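Me: I am new to reading protein models. Could you take me through this one, feature by feature?

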Amino acid sequence: AAIGIRRILCGVDFSDFSRHALAHAAAIARWYNATVTLFHAYAPAMSSDLGGPGVSEPPFRAGQRDGLIEELTRFAESAGAADVPVACEVWPGPAVRGIIERAASLPADLIVLGTYGRSGVDRLMLGSVAEKVLRKAAAPTLTVPPPATAPGGPATPPFARILCPVDFSESSMRAV
């Protein structure tokens with residue numbers, strides 16, 4: 001059975017890594033005639049990335065939400081997503097929790113995130129939003145590594161080959 005992708009959630013932090021991810025999300029959206037929700041989480045440095053009890057949501061300062069939405073709109077245009085239906089949203093809280101909750105509420109058919117390409121001790125010490133979302137999200141999640149280039153235009157599928165490792169568990173078979 002063919003999969004249907006109608007709603008893509010793309011989490012961004014305004015880095016070049018998330019610009020690459022958005023370029024991929026836009027290519028997939030073109031192919032499937034899908035919409036992209038461009039999502040940015042704003043949390044003060046002291047906030048836990050996973051949130052939890054006792055962590056209050058930081059309020060937006062006056063005009064901050066509007067400014068972030070404008071910045072997201074420019075970011076989408078700069079990543080080549082101007083021709084794709086894009087909704088820009090900001091979340092006043094931790095990124096991981098925001099991405100997971102917004103993906104569930106859309107509901108997202110696909111989550112797309114850029115990765116920083118850290119490995120070894122850096123990855124273990126710092127963790128990553130992408131890695132935590134991969135483990136916790138119910139929606140399929142595509143991570144786009146730093147050297148990724150924007151896939152082909154709307155006349156071709158965004159990917160020629162997809163590697164899907166399986167361990168024959170129920171969850172890996174659903175991924176197939």
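Me: How do I read the sheet, and in what order do its strands lie?

Reply: Strands of a sheet pair through backbone hydrogen bonds, either parallel or antiparallel. Two strands count as paired if DSSP finds at least two bridges between them. Helices (H or I, at least four residues) and strands (E, at least two) are DSSP runs, numbered from the N terminus. In this predicted model, 5 strands form an open sheet, ordered β3-β2-β1-β4-β5, with parallel pairing. At the edges are β3 (86-91) and β5 (141-144), each of which pairs on one side only. On average, neighbouring strands of this sheet are turned by 25 degrees against each other, direction ignored.

Me: Where is the confidence highest, and where is it lowest?

Reply: pLDDT is the predictor's confidence in each residue, from 0 to 100. The protein chain averages 79, and 73% of the residues score at least 70. Strand β1 (residues 7-11) has the highest confidence, at 97, and helix α4 (residues 120-126) the lowest, at a mean of 48. Over residues 45-57, pLDDT stays under 50. Where pLDDT is low, the predicted coordinates should not be read in detail.

Me: Why is β2 called largely enclosed?

Reply: Buried means under 20% relative accessible area, exposed over 50%, and partly exposed in between (1.4 Å probe, protein chains only). In β2, 6 of the 7 residues are buried, so the strand is largely enclosed by the rest of the structure.

Me: Which residues of helix α5 are buried?

Reply: In α5 (residues 129-136), they are Ala 130, Lys 132 and Val 133. Seen down the axis of α5, the buried residues fall within an arc of 165 degrees, so they line one face of the helix; the arc is that of the directions from the helix axis to the C-beta atoms. Their cover includes α3 (95-105), β4 (110-114) and β5.

Me: How many salt bridges does the structure hold?

Reply: A salt bridge is a side-chain nitrogen of Lys or Arg within 4 Å of a carboxyl oxygen of Asp or Glu. The structure holds 5 of them. One of these joins Arg 7 and Asp 109 (3.9 Å, N to O). Arg 7 lies in β1 and Asp 109 in the loop between α3 and β4, so the pair ties together parts that are 102 residues apart in sequence. Another links Glu 89 with Arg 102, whose closest N and O atoms are 2.6 Å apart.

Me: Where do Glu 101 and Arg 97 lie?

Reply: Both are in helix α3, 4 residues apart, about one turn of the helix. Glu 101 is partly exposed at 39% relative accessibility, whereas Arg 97 is buried, at 17%.

Note on methods: Residues numbered from 1 in each chain as written. Predicted model: local features only at pLDDT ≥ 70, side-chain atom pairs only at ≥ 80, totals over all residues. Heavy atoms only, no water. Contact = heavy atoms within 4.5 Å. Axes fitted to C-alpha atoms, helices over the stretch in contact; angles between N-to-C directions.
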